[in-house]
Amino acid sequence: MTDSKELPHASGPAGGWGSMKGMTRIYGETWTSPAVTRSLGRMNKPKGVMCVSCAWPKPANYSAFEFCENGAKATMWELTSARCTPEFWKRDAHTVTALREWKDHDLEKTGRLTHPMRYNAQTDRYEEVSWDDAFAGIGAALNAVPKDSAVFYASGHAGLEASYLYALLARAYGNNNLPQSSNMCHETTSVGLTKVIGSPVGTIVWDDLDKTDAFFFFGQNPGTNSPRFLHPLKDCKDRGGKIVTFNPVIEQGLVSFVDPQSPTAMLTGKETNISDQYHQLKAGGDVAAILGLCKVVVEADDAAKAAGKPEVIDHQFVEQHTTGFDEFIQSCREATWSEIEQESGLTEAALRDAARVYIAAGKVIGVYGMGLTQHTHGALNIAMLVNLLLLRGNIGRPGAGCCPVRGHSNVQGQRTVGIAEKTKLVPLDKLKQLFGFDPPTKDGVNIVEAVEGLFDGTVKAFVSLGGNLLRAVPDQERMEKAWAAQDLSVMVSTKLNRSHLFPAKQAYILPCLGRFETDEQASGNQTVTTEDSFSMISASIGHRTPVSDAVKSELAIVTGIAKASVPPLPGLKWDEWTSDYGLVRDLIEKTYPEDFRDYNARMYEAGGFYRGNGAHERIWKTPQGKAVFTTPGQLNSLGFQDAPGRYRLITMRSNDQFNTTIYGYSDRLRGLEGSRDILLMCPEDIAEAGLADGQIVTLVTDVNDGQDRRLGGLTLTAYKLPRGTIASYYPECNVLVPVGHHDKLSKTPASKSVPVRVEAT
């Protein structure tokens with residue numbers, strides 16, 4: 001057995017010189033110009049550019065360098081000097097089939113796409129095509145298939161203006177098939193939170209970060225996924241606040257942090273210890289862990305009442321604002337500690353220690369990421385976290401609330417302005433009034449249903465506004481075959497990715513501007529807006545020269561497709577809207593007046609303008625008119641039973657990637673370097689399985705559905721993990737995730753608890 005002291009793990013803190021080295025390496029690899037420093041200096045500030053990476057909010061009182069390592073990497077990756085021109089496809093080794101052997105990193109390193117391209121099956125290459133011919137071909141293909149068979153997907157990057165028109169395009173075309181990247185990560189939030197508090201998004205604002213007494217983290221990794229969050233966490237610790245973390249994997253950003261914006265910290269190496277407690281629970285064990293916390297709160301409240309002391313549960317809040325309390329409290333009393341320990345993988349003593357921090361804190365923020373959402377019962381995870389917060393009135397008051405941390409920079413905003421497959425989320429009557437057509441009333445498909453439609457042949461055309469869908473979705477091998485069998489695939493992209501390499505019968509790559517580039521239209525350089533995780537709307541104005549004269553903005557591409565595929569109507573003024581994005585913002589305000597009041601006037605406010613959230617004001621838009629306590633029907637979030645030889649696989653992202661974009665092969669915050677073909681397993685499980693650290697193994701999905709899903713060539717690596725929990729990288733592991741393995745309510749893929757077996761190679 002490997003000595004635990006020899007296990008790979010980052011010994012250094014998040015931030016600090018490691019962060020600086022990471023940015024410097026990407027600068028050297030992308031060959032971007034020194035002018036990138038000007039772009040970085042404008043990030044996340046008024047009249048600047050909102051980060052193209054994650055959706056972490058922008059403070060009104062911003063610092064001189066309001067960006068993080070990942071934001072800098074994403075910026076330099078976009079502003080690379082490398083170009084993927086039409087000449088690239090003329091080289092002997094650059095057929096589409098040959099490029100399938102390339103790694104994701106190498107595909108993107110070819111650089112920015114410069115011209116619209118159309119696939120030629122005779123030569124197995126993409127060839128340059130004019131924009132007019134591309135739009136005409138796309139329009140003809142869309143109108144040649146049944147309306148319900150076309151899907152309009154959005155990746156979560158495009159601004160609110162392009163997103164609003166994209167949703168309008170789909171409905172004017174004839175369907176609500178508008179799945180979005182949220183379907184693959186945080187749709188469980190939209191569905192789960194709405195069910196229990198009546199809001200599809202988090203309830204806190206920036207000021208709450210400065211007022212809270214404690215953060216409770218569940219399945220979120222700020223060091224890799226939202227590094228700017230580390231500054232509010234450091235501030236919390238500096239003022240004596242507490243941070244308690246529940247995560248199967250030790251993530252260095254929640255262990256220690258050196259502030260790279262502090263000269264003193266950088267010179268001295270002074271670290272801030274982030275988590276006061278770090279609990280490595282089993283994958284899928286959050287239900288039991290949170291129930292254990294709630295059980296301690298109930299016991300403490302009972303004891304306080306018996307002793308005539310102040311109550312621990314906020315009974316006044318509970319009575320006025322919640323329903324389902326009595327039944328939930330009964331479940332807390334009835335749950336045994338042996339059950340809780342078995343399902344969570346944590347001891348009673350550990351959970352009591354965490355609960356004491358919760359009870360002592362006057363104001364608590366519950367933070368979570370995909371570690372909660374991507375399970376078969378992910379919505380139950382979220383409901384349990386809400387239960388914990390409700391017990392002490394920690395939603396809807398300063399310094400307290402629910403904080404889901406989003407990924408893509410505008411993934412939340414796209415839903416806000418109509419990219420949604422569920423018609424109940426969209427004011428169809430207003431669309432009819434504004435544009436003079438009858439929007440379809442039948443619900444569209446989410447991403448799981450779209451993939452299933454590709455498998456059975458009912459989906460025949462796919463338009464993707466950004467993203468690398470083929471790499472991002474489950475059942476990757478089946479998806480590659482089904483994607484290529486379509487009549488039409490259209491990818492709006494900045495760089496080459498794997499989704500381009502399995503072209504449909506007609507396939508187009510349409511290159512778009514990046515957010516840092518000027519977007520010159522008839523009325524001048526255009527502004528685009530995005531919504532962050534705290535429901536704040538902010539504006540971006542590009543300042544860089546476009547990568548090519550032949551690229552178009554995302555909005556101009558949307559309107560170009562619309563004019564070619566949608567019958568002309570007096571109310572559909574695609575050319576006018578392309579000329580002036582302010583007119584589109586006027587339409588958004590008319591469609592969603594409560595959220596976007598005085599839109600054009602307020603979009604440059606420092607930190608963005610707040611579009612509001614009922615739960616933040618303790619207005620519960622649930623059928624009951626109150627926040628809902630949920631009694632759990634099971635003590636884990638799994639959709640399968642444990643069995644001998646079966647493991648719970650977590651798919652994870654490295655420090656050197658953003659979603660499917662792979663910047664390199666360094667995962668320094670986990671002490672892993674040089675490869676992504678790694679499987680992490682605790683030494684005890686390795687020994688019990690008769691395997692050896694360093695052995696090459698294959699993962700096999702342990703689902704009896706007639707499909708053989710496997711991923712080989714993985715180096716088994718001893719790592720500090722809970723027994724029965726193993727981990728490897730996304731998106732490579734998507735080949736192992738069945739499309740039917742998803743959250744029961746939202747259909748979000750359950751990629752944080754995949755049943756697998758490990759085979760020696």
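Predicted model: local features only at pLDDT ≥ 70, side-chain atom pairs only at ≥ 80, totals over all residues.

Tutor: Residues are numbered from 1 along each chain as its sequence is written, and side-chain values use heavy atoms, with hydrogens and water left out.

Student: How many aromatic pairs does the structure hold?

Tutor: A pair of aromatic rings is described by the distance of the centres and the angle of the planes. Rings of Phe, Tyr and Trp (for Trp, its six-membered ring) pair if their centres lie within 6.5 Å; planes under 30 degrees apart count as stacked, over 60 as edge-to-face and the rest as tilted. The structure holds 26 such pairs. One of them joins W56 and F229, which are stacked at 4.1 Å centre to centre with 20 degrees between the planes.

Student: Where do W56 and F229 lie?

Tutor: Helices (H or I, at least four residues) and strands (E, at least two) are DSSP runs, numbered from the N terminus. W56 is in the loop between α2 (36-41) and α3 (69-78), and F229 is in the loop between α10 (222-225) and α11 (230-238), so the pair ties together parts that are 173 residues apart in sequence.

Student: Which class of accessibility applies to F229?

Tutor: Buried means under 20% relative accessible area, exposed over 50%, and partly exposed in between (1.4 Å probe, protein chains only). F229 counts as buried at 0% relative accessibility, and W56 counts as buried at 1%. F229 also pairs with F217; these rings are tilted, with 5.5 Å centre to centre and 40 degrees between the planes. F217 belongs to strand β7 (residues 214-218), and the pair links distant parts of the chain, 12 residues apart. F217 is buried too, at 0% relative accessibility. Ring pairs link W56, W206, F215, F217, F229 and F534 into a cluster.

Student: Which charged residue sits over the ring of Y730?

Tutor: A charge sits over a ring if NZ of Lys or CZ of Arg is within 6 Å of the ring centre and within 35 degrees of the ring normal. Over Y730 sits the charged end of R653, 4.1 Å from the ring centre. In another case, K47 lies over the face of Y604, at 4.7 Å from the ring centre.

Student: In which sense do β24 and β32 pair, parallel or antiparallel?

Tutor: Two strands pair if DSSP finds at least two bridges between them. Strand β24 (residues 647-652) and β32 pair in the parallel sense, over five bridges. Within this pairing, L649 stands opposite I726 in β32. Five of the five residues of β32 (residues 725-729) are buried, so this strand is largely enclosed by the rest of the structure.

Student: What should be noted about the backbone?

Tutor: Most residues other than glycine have a negative phi, and most peptide bonds are trans. The peptide bond from Y730 to P731 is cis, with omega near 5 degrees; P731 is placed in the loop between β32 and β33 (754-760). K747 lies in that loop between β32 and β33 as well. Phi of K747 is positive, near 65 degrees, and K747 counts as partly exposed at 25% relative accessibility. N44, not a glycine, has a positive phi of about 60 degrees. N44 is found in the loop between α2 and α3 and counts as buried at 2% relative accessibility.

Student: How much space lies in the largest pocket?

Tutor: On a 1 Å grid over the protein atoms alone, a cavity is a set of points where a 1.4 Å probe fits but cannot get out, and a pocket is an open set with protein on both sides within 12 Å along at least five of seven lines; lining residues have an atom within 4 Å of a point. Grid points are joined across faces, edges and corners, and a volume is the space filled by probe spheres set on the points. The largest pocket holds about 1,100 Å³. Of its 33 lining residues, the closest to the centre are G198, P200, L425, D595 and R611. Helix α8 (187-197) gives the most to this lining, with five residues.

Student: How many cavities are there?

Tutor: The structure holds seven cavities of 30 Å³ or more.
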